[in-house]
Amino acid sequence: MIRLPAADGGVREYAPRTEPLAVSGGVPLVSRTVFSAAHVVGDPYADTSPDSPAAVDWDATLAFRRHLWSHGLGVAEAMDTAQRGMGLDWAGAAELIRRSAAEARGVGGLIACGVGTDQLTGPADLPAVRKAYEEQLALVEETGSRAILMASRALAAAASGPDDYLDLYGHLLRQASEPVILHWLGPMFDPALDGYWGSADLDTATETFLGVIAAHPDKVDGIKVSLLDARREVELRRRLPEGVRCYTGDDFHYPELIAGDDQGFSHALLGIFDPLAPLAAQAVRTLDTGDVEGFRATLDPTVALSRHLFEAPTRFYKTGVVLLAWLAGHQDHFTMVGGLQSARSLPHLARAYELADGLGLFPDPALAEARMRSLLTVYGVPR
């Protein structure tokens, strides 16, 4: 038994699992295109301060990407999960994109990379926002990666209405050499993005978003929707032009959205697939055979863990993701760039461990238990 802190301030006992879930590899995924947004591994030996540039453990960071590719998932690089704007600056993101793209070429892995405006560190006008986007788009295209046009805090601050979004995104899409993925990240992930697409009313914002796509359907590979609203995503994907894919970013409702209905389905670009990679790949391979019930039977039980990691304030979900990577043996420490390992409470982390262990996510349950015990000791939890 291991003693875990409870949310009420007490301590409870939990019996850890002794065997991992048996997950086998297999043929490449066929019926859905699936990306996992991937976290970065901080360097625990770097002498940094909160104002220092991110210190990244490149070997461990790239090894984790190889883990994702080994299960047949694509890597969505330098996204929110990689702490863009929450510890990882543009210089660090640019280096991450270059290194990961080179690694992808070496192993034949699918990769798409985030394009934003985070080199702007203060107020900026629309021409500056456009220039920042152009700089990042050029770098991603130079690496041979697909571009993901991320929502921009600077654009949200500078835009006066929907027309500014239509104009700027139209310019970027005309300039892109290959079709891109458009990313709509809701304010639950980043409060600075409230009112994106020119309106706080989501119905109005949706019309602007669809207007951007309708004007340039040949330049849009797909859209990533991260609004945690399954109904809205389904309605939106049904209105997409033919050939434009919907990649769900809904970490609350992904099984039903990926499974789809008689009118279509969503592909996936999800932060929760960072810790769920083996189970996610197994589920989609089951779906590839036409077995929707088997797909749901594998993936539905993971939703409780995802909802826990992504509970409000949602933007701190990365802390739980990195905790699980440490417990699973993908890295040797629980250290994050910017010190973000402190962003969640010990009861939250303990519950994350319990839920992940119950799913059989840890390849070595004894290692996960030992590491969790060491963390509990640091926090003063009695054995």
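Asp229 and Arg232 form a salt bridge, with the closest N and O atoms 3.7 Å apart. A salt bridge here is a side-chain nitrogen of Lys or Arg within 4 Å of a carboxyl oxygen of Asp or Glu. Asp229 is partly exposed, at 24% relative accessibility. Arg232 counts as buried, at 11%. Buried means under 20% relative accessible area, exposed over 50%, and partly exposed in between (1.4 Å probe, protein chains only). The model is predicted: local features need pLDDT of at least 70, side-chain atom pairs count only at pLDDT 80 or more, and totals for chains, interfaces and linings use all residues. Residues are numbered from 1 along each chain as its sequence is written, and side-chain values use heavy atoms, with hydrogens and water left out.

The structure holds 19 salt bridges. One of them joins the side chains of Asp118 and Arg84, at 2.6 Å from N to O. This pair links distant parts of the chain, 34 residues apart. Asp118 sits in the loop between strand S5 (111-115) and helix H3 (126-142). Arg84 sits in the loop between strand S4 (74-77) and helix H2 (90-107). Helices (H or I, at least four residues) and strands (E, at least two) are DSSP runs, numbered from the N terminus. Asp118 is partly exposed, at 24% relative accessibility. Arg84 is buried, at 7%.

Glu95 and Arg98 form a further salt bridge, their closest N and O atoms being 3.6 Å apart. Both residues lie in helix H2, three residues apart, about one turn of the helix. Glu95 is partly exposed at 27% relative accessibility, and Arg98 is partly exposed at 43%. Arg12, Arg351 and Glu354 are linked in a network of salt bridges.

Arg285 lies in helix H9 (residues 277-288). Arg285 is buried yet has no salt bridge. The nearest side chain of opposite charge, Asp288, is 6.0 Å away. For charge, Lys and Arg count as positive and Asp and Glu as negative, while His and the chain ends are not counted. Not counting residues up to four places away in sequence, Arg285 touches Ser24, Gly25, Gly26, Val27, Leu29, His71 and Gly72. Contact means heavy atoms within 4.5 Å.

Helix packing was examined next. Two packed helices are described by the angle between their axes and the distance between the axes. Axes are lines fitted to C-alpha atoms, for helices over the stretch in contact, and angles run from 0 to 180 degrees between N-to-C directions. H2 and H3 pack at an angle of about 20°, with their axes 10 Å apart. H2 is therefore roughly parallel to H3. Angles under 35 degrees count as roughly parallel, over 145 as roughly antiparallel, 65 to 115 as roughly perpendicular and the rest as oblique. The contact is made by Trp90, Ala94, Ile97 and Arg98 of H2 and by Glu135, Gln136, Leu139 and Val140 of H3. The crossing of H2 and H3 is right-handed. A crossing is right-handed if the near helix is turned clockwise from the far one by less than a right angle, and left-handed if anticlockwise.

The axes of helix H12 (residues 317-327) and helix H13 (residues 346-359) come within 10 Å and cross at roughly 55°. H12 is therefore oblique to H13. This crossing of H12 and H13 is right-handed. Thr319, Leu323, Leu324 and Leu327 in H12 meet Leu349, Ala352, Tyr353 and Ala356 in H13. The axes of H13 and helix H14 (residues 365-378) come within 12 Å and cross at roughly 170°. H13 is therefore roughly antiparallel to H14. Residues of H13 in this contact include Leu346, Leu349 and Tyr353. Their partners in H14 include Ala368, Met372 and Leu375.

Ala268 is placed in strand S10 (residues 267-270). Ala268 is buried, with a relative accessible area of 0%. Ala268 and Thr33 are 235 residues apart in sequence and 6.5 Å apart in space, C-alpha to C-alpha. Leaving aside neighbours within four places in sequence, the contacts of Ala268 include Thr33, Phe35, Tyr247 and Phe273.

Backbone geometry was considered last. Most residues other than glycine have a negative phi, and most peptide bonds are trans. Gln83 has a positive phi, near 65°. Gln83 lies in the loop between S4 and H2 and is buried, at 1% relative accessible area. Trp197 has a positive phi of about 70°. Trp197 lies in the loop between strand S7 (180-185) and helix H6 (202-215) and is buried, at 0%. A cis peptide bond joins Ala312 and Pro313, with omega about -10°. Pro313 is found in the loop between helix H11 (303-309) and H12.
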